[in-house]
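The sequence and structure come first.

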Amino acid sequence: MCGIQVTTEGDQILSIAGDKQNPFSQGHVCPKAATLKELYDDQDRIRQPMKKVAGQWQPISWQEALDLTVENLHRIQQQYENNAVGMYLGNPNAHNAGAILFGPYFYKALRSFNRFSATSVDQLPHHIVSRKLFGHQNQIPVTDIDHTDYFIIIGGNPLASNGSIMTVPYVKKRLQTIQKRGGKVVVIDPKKSETADICSEHHFIKPGSDVLLLLAMLNSLFSQKLANPDRLLEFAPMLLDVEQYVEEFTPDLVAKHVGMTAEQIHQLVKEFSAAKSASCYGRMGASVQRFGTLNQYLIMLFNMLTGNLDRRGGMMFTQPAADYLPHSGRGSIGKGHSRVRKLPAFAGEYPVSALAEEILTPGEGQIKAMVIGAGNPILTTPNGQQLDKAFGGLEFVVAVDFYLNETTRHADVILPPVTALERDHFDIVFHKFAVRNSVKFSPAVFPMSEDKRTDWQIYLSLAQKLEKLRGNDSQMYQTLWDKTPVGVIDDLLTSGRYANGEYNLSINTLLEHPHGIDLGSLQPDLPEALFTSGKTIELHFDYFMPDIKRVKQHFFEQPQDDEFLLIGRRHIKTNNSWSHNSRRMVKDTRLCTAQIHPDDASRLAISSGQKVKIQSRVGRIEIEAQITDKIMPGVVSVPHGWGHDKDGTQWQHAEQNAGVSVNDLTDEMVLDELSGNAVLNGVPVSISV
Ligand SMILES: Nc1nc2c(c(=O)[nH]1)N[C@H]1C(S)=C(S)[C@@H](COP(=O)(O)OP(=O)(O)OC[C@H]3O[C@@H](n4cnc5c(=O)[nH]c(N)nc54)[C@H](O)[C@@H]3O)O[C@H]1N2
Ligand SMILES: Nc1nc2c(c(=O)[nH]1)N[C@H]1C(S)=C(S)[C@@H](COP(=O)(O)OP(=O)(O)OC[C@H]3O[C@@H](n4cnc5c(=O)[nH]c(N)nc54)[C@H](O)[C@@H]3O)O[C@H]1N2
Ligand SMILES: [Mo]
C-alpha cells in the first residue's frame with residue numbers, strides 16, 4: 001500500500017522509489033518495494049506456460065496449458081470424485097485484487113470441498129473472533145495508532161513486518177510519536193524484537209502462555225474495579241459477565257507460567273485503564289499458537305471492557321472506499337469437517353495442517369490432484385517433509401505461480417501470471433486494515449501483451465473451460481470477462497461511502513489522483529460496522545469460554561517437559577518463502593539462524609556460528625546458532641520460508657543461500673483446537689551439538 005514511483009524506459013524499470021506525494025505513505029517504502037524491479041528482471045522467473053514431460057520442462061502455449069490443466073482436473077474428478085482435486089491458496093493472493101475478486105469463480109467451478117490456504121497458518125483466529133462478535137470475518141478493528149495514548153503489542157513485530165492486519169507506513173516514527181506525546185508502547189514478546197528496542201517497555205513472555213496473561217489481565221481489571229466499558233454496554237449488555245469466567249486466574253496464579261510478576265500485570269492493567277485511550281493488539285505471536293483464538297477473543301474483551309473499541313485512539317474499524325464486506329461471505333464456522341481428522345471448516349476451507357493426511361490417507365474423498373495458487377506450503381506449513389512426500393505421490397499438480405519453488409516443483413503444468421507492476425493494482429484487502437482511511441488505484445506500469453496473463457484471467461479461463469468440458473453453459477463467464485476486476489472495484493467505489501459529495505469516488509477519479517486520496521482519520525462506526533442481525537456485539541461465551549478448560553489442562557494438569565520452546569521471526573529483508581531469490585534482500589544465510597540465549601548456549605557448550613541440531617516430534621534440522629541476549633532463556637527462534645536445497649527448484653540465488661526449513665520441526669498434529677489454526681510458536685524442541 002505504500003505509494004511508489006516507478007521510472008521506466010520502454011519495457012525496462014530504471015528505478016523504484018517511495019512516492020512522497022502519496023498521502024498515506026508519504027514516501028515511506030520498505031526493501032520489498034525495490035525488489036519489485038528485481039522480480040520483474042529475474043531470469044529465474046517463469047514467463048511462459050510449461051508442462052513437465054519425462055521430468056523435463058517444456059514451454060507450451062497458453063491454450064495448450066489451460067486445456068491440459070482442465071482435462072486432467074476433469075479426468076481425475078470423473079475417475080474419483082470432485083473432492084479428489086484439492087487446492088491451496090497462498091498469501092500473495094491477498095495482495096492481488098484480480099485473484100481475490102475473480103479467483104473464487106474458479107474455486108466454485110472446481111466443486112471441491114478440499115480447499116486450504118495460508119489463513120490457517122496465520123490470521124484464522126482473528127476471522128473467527130470478528131465473525132462471532134461483529135458478524136463478519138473481515139470486520140477486524142485496527143489500532144488507531146495516530147491517536148492512542150497506550151499501545152500494547154502482543155506477539156507482533158511491526159518494525160520488521162510493517163504491521164499486520166494493521167497497514168501502517170512509517171511505523172517506527174508513529175510508535176515514537178506516541179511516546180513523544182507522553183503515551184506508552186508496551187511490547188510483550190519472548191524476544192526483545194526491533195519493535196521492543198524502540199518501545200517504552202518490554203516484557204519477556206514464555207511462548208504460548210499469553211492466554212494466561214490475558215486471563216489474568218481481565219481478572220485484574222475486575223479485582224482493581226477498573227472495568228469501564230462505557231457506551232459499549234449498549235451493544236454488548238452481557239460484557240461484565242466476563243468476570244465470572246476469569247475469577248480463578250489471578251496474576252499470582254499465572255505469574256510463574258507467564259514469566260511476568262503479578263505486580264507487573266496489575267500495573268499494566270492500571271496504566272491501560274487510566275489512559276485516555278488505549279489499544280491492545282495481538283498478532284502472529286499471539287495467533288499462531290495453541291490458544292490463538294482464545295487469545296484474540298480475550299484481547300478484544302480487554303479492549304471492550306476498558307471502553308477502547310470504536311473509540312478514538314483505541315481499536316477502530318477502518319472505513320474503506322471500496323468496501324467488499326457487504327458483498328463477501330461473512331465466514332461460515334464449522335460447516336463441514338475434514339475427512340481424516342474431522343477438523344472444522346471455516347469459510348469453506350479446512351486447516352492446512354490436515355492437507356498431507358488428506359493426500360496420504362486412502363479412501364473415498366482422498367486428494368489425488370492439487371491446484372497451488374501463489375503459495376509454497378512445503379516450506380510454510382507444519383511438517384513440510386511429510387507434505388513434500390505427499391505431493392510426490394499426486395497424480396496431477398498445477399501451479400499458478402511464476403517460480404519453481406519447493407512446492408510448485410511438483411507441478412505437471414505451470415501457469416505463470418505477470419508480476420505486480422504488470423497488472424492494475426488496488427488494495428482491496430489492505431485498505432480495510434489501514435490505520436487511516438485512504439484510497440489509491442495504480443494502473444499497470446506496462447501494457448499487457450498477447451502472451452501474458454494475469455491471475456484472474458488464468459482463473460477465469462480455467463473455470464470457463466472446466467464448465468464447458470462438463471457440458472455446462474459457460475456463458476455467464478462472458479459477463480465477467482467484460483466486467484473485469486477493475487469494473488467490480490469501480491462498482492464498489494461508486495456505491496460506497498465516498499461516492500458522492502466531496503470525493504465523488506470512482507476509478508476515473510482515482511486515475512486523476514495517481515498518488516491516492518486521503519479520506520481522513522478513523523472514525524467511530526458503531527453500530528453501523530456490525531453485521532450481526534440485531535446490530536449488537538455477540539459475545540458468544542458459549543463458544544469461546546469452554547476452551548478455558550483446555551487452558552487449565554495444558555498448564556496445570558500436564559507436565560511441562562519442554563526443554564526449549566521454538567518461535568519464529570521475520571526480517572525486514574525477507575518475505576515469507578519467496579524473497580530469497582533477491583540478491584538485494586539476501587546477501588547470505590545469516591538471516592536463517594537459530595537464536596538462543598547466552599545462558600542456554602553456555603549450558604550446552606554452544607558457540608556462536610556453530611551448527612546445532614534441533615529436534616521436535618516430527619523432524620530434525622541442523623542450523624547455525626546465533627547467541628543473543630535479545631531472546632528469552634529457554635526459547636529458540638528460527639525464521640520460516642528457508643530450506644531451498646531441494647532438487648527441481650529454479651531460483652539460483654536462493655539455492656546458494658538455502659538455509660533450512662523451520663517447518664520441518666513444526667507439528668501438524670498440534671493445533672489451536674478452537675480454530676484448527678497451526679501452532680508455529682511455542683513448539684517443544686530439544687537442542688544438541
Ligand atoms: N514457522 C512459520 N511458518 C509460517 C509463518 C511463521 O511465522 N512461522 N508465517 C505464516 C504466514 S503468516 C504466511 S502468510 C505463510 C505464507 O505462506 P505461503 O502463502 O504458502 O507462501 P509464500 O512464500 O507467501 O508464497 C509465495 C509464492 O507465491 C508466488 N507469488 C507471488 N506473487 C504472486 C502473484 O501475484 N501471483 C501468483 N500466482 N503467485 C505469486 C511466489 O512466486 C511464491 O512461489 O507462511 C506461514 N508460515
Ligand atoms: N519483512 C517482512 N514483512 C512481512 C512478512 C515477511 O515475511 N517479511 N510477512 C507478512 C505476513 S504474511 C504477516 S502475517 C505479517 C506478520 O507480522 P507480525 O505479526 O508483526 O509478525 P512477526 O514478525 O512474525 O512477529 C511475531 C512476533 O511474535 C513473537 N512471538 C513468538 N511467539 C510468541 C508468543 O508465544 N507470545 C508472544 N507474545 N509473542 C510471540 C515473535 O518473537 C515476533 O516478534 O508480516 C507481514 N510482513
Ligand atoms: Mo501471513
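**Polar contacts of ligand 2**

A nitrogen atom of ligand 2 lies 3.1 Å from a polar backbone atom of Ile 188. The model is a predicted one. At Gly 208, a polar backbone atom is 2.8 Å from an oxygen atom of ligand 2.

How much of ligand 2 does the protein bury? Of the 930 Å² that ligand 2 exposes when taken alone, the protein buries 95%.

**The shell around ligand 2**

The elements that contribute two or more residues to the shell are α5 (158–161) and α13 (284–287). The largest share, three residues, is that of α5. In total, 32 residues surround ligand 2. The closest are Ser 161, Asp 189, Gly 208, Asp 210 and Thr 574.

Sorted by class, the shell holds 15 polar, 10 nonpolar and seven charged residues. Domain 2 (125–316 + 537–544) and domain 3 (561–688) each supply at least three residues to the shell.

Strand β3 spans residues 50–53 and strand β4 spans residues 56–59; the two pair in the antiparallel sense over four bridges. One bridge joins Val 53 to Gln 56 in β4.

Two residues lie between the strands of this hairpin. Ala 54 takes a positive phi there, near 50°.

Definitions and conventions:
Residues are numbered from 1 along each chain as its sequence is written. Chains are lettered from A and ligands numbered from 1 in the order in which they are written. This is a predicted model: local features need pLDDT of at least 70, side-chain atom pairs count only at pLDDT 80 or more; totals for chains, interfaces and linings use all residues. Side-chain values use heavy atoms; hydrogens and water are left out. A residue is near a molecule or strand if one of its heavy atoms lies within 4 Å of it. A polar contact is a pair of N or O atoms within 3.5 Å; within protein, one must be able to donate a hydrogen and the other to accept it, and residues adjacent in sequence count only if both atoms are side-chain atoms. Accessible areas come from the Shrake-Rupley method with a 1.4 Å probe; for residues, only the protein chains shown count as cover. Ala, Val, Leu, Ile, Met, Phe, Trp, Tyr, Cys and Pro count as nonpolar, Asp, Glu, Lys and Arg as charged, and the others, Gly among them, as polar. Domain bounds come from an automatic or database domain assignment. Two strands pair if DSSP finds at least two bridges between them.
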